[in-house]
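Hi there,

Here is the structure I promised to pass on to you. Please have it open while you read the notes below.

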Amino acid sequence: MTMDIKNPIQANLNRVMQRIAAAAERSGRDPKSVHLVAVGKTQSAGAIDAAISAGAQIIGENYIQEARRKFDALMHHPIQWHFIGHLQSNKAKYAVRLFDLIHSVDSTKLMAELNKQAGKIAKIQDILIQVNISGETTKSGIDDRRAIDLAKDAAQFEHIRLCGLMTMPPLFNAPEQVRPFFSQLRQLRQTMAADLDRDLPHLSMGMTGDFEVAIEEGATLVRVGTALFGERQ
Ligand SMILES: *Cc1c(COP(=O)(O)O)cnc(C)c1O
């Protein structure tokens, strides 16, 4: 394996892309069906610029303020911006202006506000519903039984397009322990797509510690920070 001392982000990204491709092939999937979301929270615009130069095509951000700063510095790049953090309704206005896909919609109230704000700028906002598969009370996301009702609500908002589901499983040491949560999200998507009678193309699941297992379970968007940029401060 070649090591690039001067640009660790390039070397890290190459390695992550290889691991994504290997996990996809192992599970009989086309590697192109899995997209890397490079998670830039706490990282400088310079570090994200380096990731983009290295080939990252989607940047994920958790905080609106932080994303606005970086967006100004990096808006000349033809990349996608995804919002992956907890979104408050009063920030919906900024979210629809900055982000191509919002992964973390978990209430009808938030959906209604996104619809309203997207309408103002004549945009159809792509979203995912964040599902709290594990049922932990500390986690954001709607519980899986109510997720279907929320998905049905999405259909009545003309400036919202539901594209799939996202989850954050509990933190375990071994990636194999999170497999059941990923598999449950895949099954929920299947039930939901049948109920709504439409395709839900995306499953956003898997982070640095478990993205290969997530790909084996059907992830189309993996959200990776640490493996690209190193430990956060
Ligand atoms: C920080 C974060 C990630 C990336 O986590 P790593 O373990 O650093 O890869 C992914 N998804 C969400 C929602 C995050 O907040």
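Below is what I found, starting with the cores. Please keep in mind that this is a predicted model.

The largest nonpolar core holds 70 residues. Phe99, Ile102, Met111, Leu114, Ile129, Met192 and Val222 have the most contacts inside this core. Its biggest contributor is helix H7 (residues 179–196), which supplies seven residues. There is also a second, separate core of seven residues, with Val37, Leu101, Leu128 and Met166 among them.

Setting aside neighbours within four places in sequence, Phe99 is in contact with Glu61, Ile64, Ala67, Trp81, His82, Phe83, Lys123 and Gln125.

Next, helix H6, which spans residues 144–154. Which of its residues are buried? They are Ala147, Ile148, Leu150, Ala151 and Ala154. Looking down the axis of H6, you will find these buried residues within an arc of 165 degrees, so they line one face of the helix. What do they pack against? Their partners are strands E4 (101–105), E5 (125–131) and E6 (160–167), along with helices H5 (108–120) and H7.

Last, a look at Ala21, which sits in helix H1 (residues 8–26). Ala21 has a relative accessible area of 22%; buried means under 20%, so this residue counts as partly exposed. The C-alpha atoms of Ala21 and Gln65 are separated by 33 Å, and the two residues are 44 residues apart along the chain.

Happy browsing, and best wishes

How values were computed:
Residues numbered from 1 in each chain as written. Predicted model: local features only at pLDDT ≥ 70, side-chain atom pairs only at ≥ 80, totals over all residues. Heavy atoms only, no water. Core = buried A, V, L, I, M, F, W, Y, C linked by side-chain atoms within 4.5 Å. Buried < 20%, exposed > 50% of the residue type's maximum accessible area, 1.4 Å probe, protein only. Helix = DSSP H or I, 4+ residues; strand = E, 2+ residues; numbered from the N terminus. Contact = heavy atoms within 4.5 Å. Arc of directions from axis to C-beta.
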